[in-house]
Every structure is written in C-alpha cells, then in structure tokens.
Amino acid sequence: MKPKNKADFQRVINATKYSMKGLKAAYINEAAFRQELWCAIILFPLALMLGETNIEKILLIGTIFLVLIVELLNSAVEAVVDRIGSDFHELSGRAKDFGSAAVFLSMILLAITWILVLFF
C-alpha cells in the first residue's frame, strides 16, 4: 500500500520508530526475549540452509518469528499487569499464566514444524 501524502508517510516513519523502540525495550528489559532472539539469530540461517523448498524455509522462519511475536505480546501483558499493581490478584496471575502458555505453545509449534520439515 503506497502512502498518499506526506502525512501518511510520516505516520509510517513514526510507527517504525515506535516499533524499534519496543524491540529495544524488550531486548533490554526481558531476559526471555533476549534468549529467544539469540536463538532466532542462530536458527534463521539454519532455516535458509536446511529448508529445501521456499515453503519449507518460510515454515521454519515463520515459526521463529511467531515465538518472538508471542513473547512480545506476553511481555506486554505482564507489563500492563505489573503496572496495575503489585498486590496478588487471581485474574492478574491468570493473565500472566495465559501469556506464558501462549509462548509455550508457540515453542511447541516451532519444534513440531522443524522436526516434520527436517526429518520427515
């Protein structure tokens, strides 16, 4: 989609800046995101080398991105819950558990995809 005018283009520039700011904050403040990003840096070239077809490569790379995306969303949920207060509340704990479960499921999907693509 092509920006129609200068204001649209500026909106794209601003959105990109906010995204980079979010990635930087996640890297600095979230140990799990850092670990997953370093794993991704190792897995990206492997995906390109080991995937035999473009479909296999996109499946391998897509699952890497999915883990990072879900981790960012999980971190966002945790930040909002922590911002609300430090007192224990069942719903706050549940929200954090849901986010953690989503990350776990994305990692399972990554593992299953890599195993199926590379070994079957």
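# Helix packing and salt bridges

Reader: How do H1 and H2 lie to each other, roughly parallel or roughly perpendicular?

Author: H1 and H2 are roughly perpendicular to each other. The cut-offs: under 35 degrees is roughly parallel, over 145 roughly antiparallel, 65 to 115 roughly perpendicular, and the rest oblique.

Reader: At what angle do H1 and H2 pack?

Author: The angle is about 105 degrees, and the axes are 5 Å apart. H2 covers residues 31–50. Axes here are lines fitted to C-alpha atoms, for helices over the stretch in contact, and angles run from 0 to 180 degrees between N-to-C directions. Helices are DSSP runs of H or I with at least four residues, strands are E runs of at least two, and both are numbered from the N terminus.

Reader: Which residues of H1 and H2 make the contact?

Author: From H1, Leu23, Ala26, Tyr27, Ile28 and Asn29. From H2, Ala31, Phe33, Arg34, Leu37 and Trp38. Contact means heavy atoms within 4.5 Å. By class, the H1 with H2 contact has eight nonpolar residues, one polar and one charged. Nonpolar here is Ala, Val, Leu, Ile, Met, Phe, Trp, Tyr, Cys and Pro; charged is Asp, Glu, Lys and Arg; the others, Gly among them, are polar.

Reader: Before we go on, what kind of model is this?

Author: It is a predicted model, where local features need pLDDT of at least 70, side-chain atom pairs count only at pLDDT 80 or more, and totals for chains, interfaces and linings use all residues. Residues are numbered from 1 along each chain as its sequence is written, and side-chain values use heavy atoms, with hydrogens and water left out.

Reader: OK. What about H3 and H4, what angle do their axes cross at?

Author: Roughly 170 degrees, and the axes come within 9 Å. That makes H3 roughly antiparallel to H4. The contact of H3 with H4 holds 17 nonpolar, seven polar and five charged residues.

Reader: Switching to charges. How many salt bridges does the structure hold?

Author: Three. A salt bridge is a side-chain nitrogen of Lys or Arg within 4 Å of a carboxyl oxygen of Asp or Glu.

Reader: Which residue does Lys96 form a salt bridge with?

Author: Asp82, with the closest N and O atoms 2.5 Å apart. This pair links distant parts of the chain: Lys96 is in H4 (residues 90–119), Asp82 in H3 (residues 54–84), and they are 14 residues apart. Lys96 is partly exposed at 27% relative accessibility. Asp82 is partly exposed too, at 47%. Buried means under 20% relative accessible area, exposed over 50%, partly exposed in between, using a 1.4 Å probe and protein chains only.

Reader: And what does Asp8 pair with?

Author: Arg11, at 2.9 Å between the closest N and O atoms. Asp8 and Arg11 are three residues apart in H1 (residues 6–29), so about one helical turn separates them. Asp8 is partly exposed at 22%, and Arg11 is exposed at 53%.

Reader: How far apart are N and O in the Glu90 and Arg94 bridge?

Author: 2.6 Å. Glu90 and Arg94 sit four residues apart in H4, so they too are separated by about one helical turn. Glu90 is exposed at 52%, while Arg94 is partly exposed at 34%.

Reader: Where does UniProt place the "active site"?

Author: At Glu71, from an unreviewed entry. UniProt positions follow the numbering used here, feature names are shortened, and annotations may be inferred rather than shown by experiment.

Reader: Is Glu71 buried or exposed?

Author: Glu71 is buried, at 5% relative accessible area. Glu71 lies in H3. Leaving out residues up to four places away in sequence, Glu71 touches Ala32, Phe33, Glu36 and Val103.

Reader: What does Asn74 contact, beyond four places in sequence?

Author: Lys96, Gly99, Ser100 and Val103. Asn74 is in H3 and is buried at 6%.

Reader: Which residues does the "transmembrane region" annotation cover?

Author: Residues 58–81 and 101–119, per an unreviewed UniProt entry. Residues 58–81 are 100% helix and 0% strand, with end C-alpha atoms 34 Å apart. Residues 101–119 are also 100% helix and 0% strand, with end C-alpha atoms 27 Å apart.

Reader: Last one. Is Ile84 buried or exposed?

Author: Ile84 is exposed, at 70%. Ile84 is in H3. Ile84 and Gly22 are 62 residues apart in sequence and 20 Å apart in space, C-alpha to C-alpha.
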